[in-house]
Amino acid sequence: MGCDRNCGLITGAVIGAVLAVFGGILMPVGDLLIEKTIKREVVLEEGTIAFKNWVKTGTTVYRQFWIFDVQNPEEVAKNSSKIKVKQRGPYTYRVRYLAKENITQDPKDSTVSFVQPNGAIFEPSLSVGTENDNFTVLNLAVAAAPHIYTNSFVQGVLNSLIKKSKSSMFQTRSLKELLWGYKDPFLSLVPYPISTTVGVFYPYNNTVDGVYKVFNGKDNISKVAIIDTYKGKRNLSYWESYCDMINGTDAASFPPFVEKSRTLRFFSSDICRSIYAVFGSEVNLKGIPVYRFVLPANAFASPLQNPDNHCFCTEKVISNNCTSYGVLDIGKCKEGKPVYISLPHFLHASPDVSEPIEGLNPNEDEHRTYLDVEPITGFTLQFAKRLQVNILVKPARKIEALKNLKRPYIVPILWLNETGTIGDEKAEMFRNQVTGKIKLLGLVEMVLLGVGVVMFVAFMISYCACRSKNGK
């Protein structure tokens, strides 16, 4: 009887040990299976989860606009006073709802090329007004004229056309005109062929962004979705050769197995450059653990603080010999127009930038840019891209509309908040197909390991107790 009991205890201990060992073996095997599955599904080719969501996002993306309505236009034009602004918004559009087109795989270099159609649909229910709401804003054409044409004689000619068209430093425009374009009366009088349509985002609707060429990840998963080349409607050859800033992905996804120490780089044609985000915090998004990466203040730092920004400092006087920070000159890819980008309300900008403007209230929570990335797959499941568009206007003696200015201004025109969050249905599918299976496999591993260890220890204790009792 004692022998049978001892044999049973030994058998139980052996089973427990086997379970523990199996659980221990299953852990690295399970990790390898997960890694293999993820590497297969994030490749940008027909039939993968990544490809399906890459061709056409399943997330509704909105772009909200706040317009800076100038309250004292005459005072500024006559006395060079501080510009008083009042933001009005949001005015909301649905964007990124069109699927990528002209998708072409190139097996020779493991890349895929495509174009991204542009479109914007106004959403009245998510807006404070209509597209016909009017705003007093800087006259884009008048402000840009002396910046593009520096010759005094040419400026004199332009001045006569500005006066003839009854244009001034500021103008009243509807939301639709300001964003998507209007026929400018001053430019319409210029006697040689130029584009007479002006708008902050003109042209946009019925255009395409690209051609992009990105790595599909088939031969090297660490390069998946990273841009190889870009030939867009804006000529970026200047940036490619001078600044070498075209790198990273389009921010929709990143190479898988994202670590907190990684710097995520992504390219935006809106701002004509690549930019980056760093780890900020862990977030639970609809039951999915994600890493929140944020755009750091250093991304808009002066060249003295961030040498990568040396090519965005072109106006030595405006930038106080490149010591000012918080704004970047992107005029070189905007056909020479004096366009500057910043974070909304000049968040993280030096005091000299915002000093001539009244009515700004920078707020980190409302005005920062962030990406919520699922770390195993590298998919971006939620994001908020927040940027401000500004125009530089300087004194110009030959142009009467600007001759009374005593200093230059970087004038905020609008700021935007482009957001997207994975939908409930997509989130459930993601939990079932990705995080759920990973959690289940991890649970099985831990249960086998735990049960095995407990059984082994319990049976060994019983066996030792039994031996001790028999010995007595």
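**Notebook: aromatic rings**

I started at Trp415, which is buried, with a relative accessible area of 4%. The model I am reading is predicted.

Next I looked up Trp66. Trp66 is buried too, because its relative accessible area is 12% and buried means under 20%. I then checked how the rings of Trp66 and Trp415 lie. Their centres are 4.1 Å apart and their planes stand at 5 degrees, so I noted the pair as stacked. I also traced where the two residues sit. Trp66 is in strand 1 and Trp415 is in strand 20 (residues 409-421).

I counted aromatic pairs across the model and got 16. One of them joins Phe65 and Trp180. I found 6.3 Å from centre to centre and 85 degrees between the planes, which is edge-to-face. Phe65 belongs to strand 1 (residues 61-70), and Trp180 to helix 6 (residues 175-180).

Are Phe65 and Trp180 buried or exposed? Phe65 is buried, at a relative accessible area of 0%. Trp180 is buried as well, at 14%.

I then looked for a wider group around these two. Phe65 and Trp180 belong to one aromatic cluster with Tyr93, Phe122, Phe201 and Tyr204.

Last, I looked for charges over rings. The charged end of Arg173 sits over the ring of Tyr182, 3.9 Å from the ring centre. I logged Lys223 next: its charged end sits over the ring of Phe215, 3.9 Å from the centre.

Key. Residues numbered from 1 in each chain as written. Predicted model: local features only at pLDDT ≥ 70, side-chain atom pairs only at ≥ 80, totals over all residues. Heavy atoms only, no water. Phe/Tyr/Trp six-rings, centres within 6.5 Å; stacked < 30°, edge-to-face > 60°. Helix = DSSP H or I, 4+ residues; strand = E, 2+ residues; numbered from the N terminus. Buried < 20%, exposed > 50% of the residue type's maximum accessible area, 1.4 Å probe, protein only. Lys NZ or Arg CZ within 6 Å of the ring centre and 35° of its normal.
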